[in-house]
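Trainee: I am new to this structure. Please take one part and walk me through it closely.

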Amino acid sequence: MLRIVGDKRAQDLAPSDLRAFLARSHEEGLSPGGVVARYRAVRAFVRWLVREGVLEHDPTARIRPPKAPPPDLAVVRPGEIRRMLLAADGGGTPSAIKRYCFCFGIPPRG
């Protein structure tokens with residue numbers, strides 16, 4: 001961020017500074033999720049400056065967060081669930097796998 005704003009005082013920050021910072025981050029090859037993380041960090045810092053009275057207003061308030069694709073989530077197939085449940089039944093004691101399945105609404109079978 002300092003490469004973008006230079007010696008600019010916090011009171012002189014403008015929305016264009018954050019936009020330029022995010023654009024540069026993207027141009028430097030940072031992943032979309034990384035750009036979002038930088039946005040959140042700067043946003044949190046600026047909000048803190050407002051709470052502490054350093055800034056009168058939040059120059060980032062009207063800037064929307066950059067879009068990032070949702071992360072790919074692993075899919076557990078029904079056959080894998082059955083094998084986990086069967087493995088949990090083998091010990092005859094309550095199992096973390098059964099509790100996990102219960103928490104996520106996967107009904108036990110058999």
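Mentor: What follows is a close look at one helix, α2, and its surroundings.

First, the ground rules. This is a predicted model, where local features need pLDDT of at least 70, side-chain atom pairs count only at pLDDT 80 or more, and totals for chains, interfaces and linings use all residues. Residues are numbered from 1 along each chain as its sequence is written, and side-chain values use heavy atoms, with hydrogens and water left out.

Now the setting. The chain has 5 helices and 0 strands. Helices here are DSSP runs of H or I with at least four residues, strands are runs of E with at least two, and numbering starts from the N terminus. Along the sequence the pattern reads α-α-α-α-α. Of the 110 residues in the chain, 23% are buried. Buried means under 20% relative accessible area, exposed means over 50%, and partly exposed lies in between (1.4 Å probe, protein chains only).

Turn to α2 itself. Helix α2 covers residues 15–27, 13 residues in all. From first C-alpha to last it reaches 18 Å, close to the 18 Å expected at 1.5 Å a residue. That expected span is 1.5 Å times one less than the number of residues.

Which residues of α2 are buried? They are Asp17, Leu18, Phe21, Leu22 and Ser25. Seen down the helix axis, these buried residues fall within an arc of 130 degrees, so they line one face of α2. The arc is taken from the directions that run from the helix axis to the C-beta atoms. An α-helix has 3.6 residues a turn, so residues three or four places apart point the same way. On the other side of α2, His26 and Glu27 are exposed. Just after the helix, glycine 29 has a positive phi of about 95 degrees.

Look next at Asp17. Aspartate 17 sits in α2 and has 7% relative accessibility, so it counts as buried. Its contacts, leaving aside neighbours within four places in sequence, are Met1, Ile4, Val5, Lys8 and Asp12. Contact means heavy atoms within 4.5 Å. With lysine 8, aspartate 17 forms a salt bridge, and the closest N and O atoms are 3.0 Å apart. A salt bridge is a side-chain nitrogen of Lys or Arg within 4 Å of a carboxyl oxygen of Asp or Glu. Side chains of opposite charge can pair when their charged atoms come close. Lysine 8 is partly exposed, at 36% relative accessible area.

The whole structure holds 3 salt bridges. One of them joins aspartate 12 and arginine 9 at 3.3 Å, N to O. Aspartate 12 is partly exposed, with a relative accessible area of 40%.

Finally, the core. The largest nonpolar core has 10 residues, including Leu18, Phe21 and Leu22. Such a core is a set of buried Ala, Val, Leu, Ile, Met, Phe, Trp, Tyr and Cys residues joined through side-chain atoms within 4.5 Å. The elements that give two or more residues to it are α2 and α3. The largest share, 5 residues, comes from α3. Ile63 is also one of the core residues. Beyond its neighbours within four places in sequence, isoleucine 63 is in contact with Pro15, Leu18, Arg19, Tyr39 and Arg43.
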